[in-house]
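User: I've just loaded this one and would like a quick tour. Can we take it question by question?

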Amino acid sequence: LTTDARDMRELILVGMGAGNPDHLTVEGARAIREADLILLPRKGMDKSDLADLRLRIVATVTEGRSPPVAAFDIPRRNPHLPYLEAVERWHDAIAAAWLSTLAEAREARRIALLVWGDPALYDSTLRIAARLTPRPAVRVIPGITALQALTAAHAIPLATLGGSVTITTGRRLRAGGWPAGAETVAVMLDGACAFRTLPQTDLHIWWGAYLGMPEQLLRAGPLHEISATIVDLRAKARADHGWIMDTYLLRHS
Ligand SMILES: C[S@@+](CC[C@H](N)C(=O)[O-])C[C@H]1O[C@@H](n2cnc3c(N)ncnc32)[C@H](O)[C@@H]1O
C-alpha cells in the first residue's frame with residue numbers, strides 16, 4: 001500500500017469509551033476539536049443504535065463546529081478463508097479504504113479516528129495503521145475500556161489484593177477452559193456465553209452488557225446460581241435491540 005509522500009501526516013487514534021459519550025477524555029475532546037479531518041467508519045461495530053454515536057460525540061465536543069468528516073465503508077470479511085487469513089486480508093482492505101478516503105483530502109494533516117473503548121484492548125486499529133505506507137505518525141489517546149466500565153458499574157476492584165488478572169476471549173475460554181493458574185479472568189468478545197462450559201462450583205461472576213449506555217444490564221453472583229439468568233437475559237436483550245456487547249469477570253469465591 002503506498003501513498004504520495006505529501007500524505008505523511010498524523011493519525012490520532014482517540015479512545016472514545018465503550019458507549020457512554022461522557023467517557024471521552026479532555027485530551028480526546030481536544031484532539032477532535034483540533035483535527036483537520038475526522039475519519040469515520042460507517043459499518044462494523046457501529047450496529048443499529050450505535051451508528052451515530054461517533055458523530056454525536058464529535059458534534060458535542062465541537063459544539064456543532066466539527067472538522068470535515070470523511071466516511072469510509074468497512075469492507076466485509078471473507079467468510080470462506082481460514083479465520084486468521086480472513087482477518088489479515090480484511091485489515092489490508094480496511095487500510096486500503098482509509099488510504100483512498102484520505103487521498104481525497106490531501107491537505108488534511110491531523111486525522112482523528114475515534115476508536116471504541118481503548119485502541120490497545122482487542123482492537124486492530126493500530127495493526128491497520130501499521131499497514132499504511134508511508135506510515136503516518138501515530139498518536140494514541142487512551143479511552144475508557146469496557147473492562148473499566150464493568151468494574152466501575154459493579155464498584156469492584158479488577159484484581160484481588162496483589163493478585164493477577166487474565167484477559168481473554170470467549171473463544172479461548174471455550175476452547176481451553178479456565179486459564180492455568182489464573183486468579184481473576186476477564187472475558188470479552190464472547191458471543192455464546194462461554195462461562196457455561198466451566199465447572200461452576202466455586203466461581204463468582206460479575207457480568208455487564210451495554211455498559212455505560214442507557215440500556216446497561218448488570219448481574220453478579222455465584223455462577224451456578226445466575227448462569228441461566230444471564231443466558232436468558234442476554235438472549236432477550238439481543239432480540240430486543242438487534243445486537244449486544246457484554247463483558248464479565250470471573251474469580252473463585
Ligand atoms: C472488539 S472488542 C473492543 C474492546 C474495546 N477496544 C475496549 O477497550 O473496551 C469488543 C468487545 O468489547 C466488549 N465491549 C465493548 N463495549 C462494551 C459495552 N459497552 N458493554 C459491554 N461490553 C463491551 C465486549 O466484550 C465486546 O465483545
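This is a predicted model: local features need pLDDT of at least 70, side-chain atom pairs count only at pLDDT 80 or more; totals for chains, interfaces and linings use all residues.

User: What percentage of the 253 residues of the protein counts as buried?
Analyst: Residues are numbered from 1 along each chain as its sequence is written, and side-chain values use heavy atoms, with hydrogens and water left out. Buried means under 20% relative accessible area, exposed over 50% and partly exposed in between, with a 1.4 Å probe and protein chains only. On that scale, the buried share of the 253 residues is 46%.

User: How many helices and strands are there, and what is the radius of gyration of the protein?
Analyst: Helices (H or I, at least four residues) and strands (E, at least two) are DSSP runs numbered from the N terminus; there are 7 helices and 10 strands.

User: Which residues come nearest to the ligand?
Analyst: A residue is near a molecule if one of its heavy atoms lies within 4 Å of it. The shell divides into 11 nonpolar, 4 polar and 2 charged residues; Ala, Val, Leu, Ile, Met, Phe, Trp, Tyr, Cys and Pro count as nonpolar, Asp, Glu, Lys and Arg as charged, and the others, Gly among them, as polar. Of the 17 residues around the ligand, the nearest are A18, L121, A146, D246 and T247.

User: Which ligand atom does a polar side-chain atom of T247 lie 2.8 Å from, and what percentage of the ligand's area does the protein bury?
Analyst: L121 puts a backbone N or O atom 2.8 Å from a ligand nitrogen, and a backbone N or O atom of A146 is 2.8 Å from a ligand oxygen. For T247, the polar side-chain atom lies 2.8 Å from a nitrogen atom of the ligand. Taken alone the ligand exposes 570 Å² (Shrake-Rupley method, 1.4 Å probe), and the protein buries 93% of that.

User: Which residues of helix α5 are buried?
Analyst: α5 covers residues 146–154. The cover over its buried residues includes β6, β7, β8, β9 and β10. Those buried residues are A146, L147, A149, L150, T151 and H154.

User: Is A155 buried or exposed?
Analyst: A155 follows α5 and sits in the loop between α5 and β6. Its phi is positive, about 55°, although it is not a glycine. Most residues other than glycine have a negative phi. At 68% relative accessibility, A155 counts as exposed.

User: Which residues does T168 contact, leaving aside its neighbours within four places in sequence?
Analyst: T168 lies in strand β6, residues 165–169, and counts as buried because its relative accessibility is 6%. Contact means heavy atoms within 4.5 Å. With those neighbours left aside, T168 contacts Y122, V185, A186, V187 and M188.

Definitions and conventions:
A polar contact is a pair of N or O atoms within 3.5 Å; within protein, one must be able to donate a hydrogen and the other to accept it, and residues adjacent in sequence count only if both atoms are side-chain atoms.
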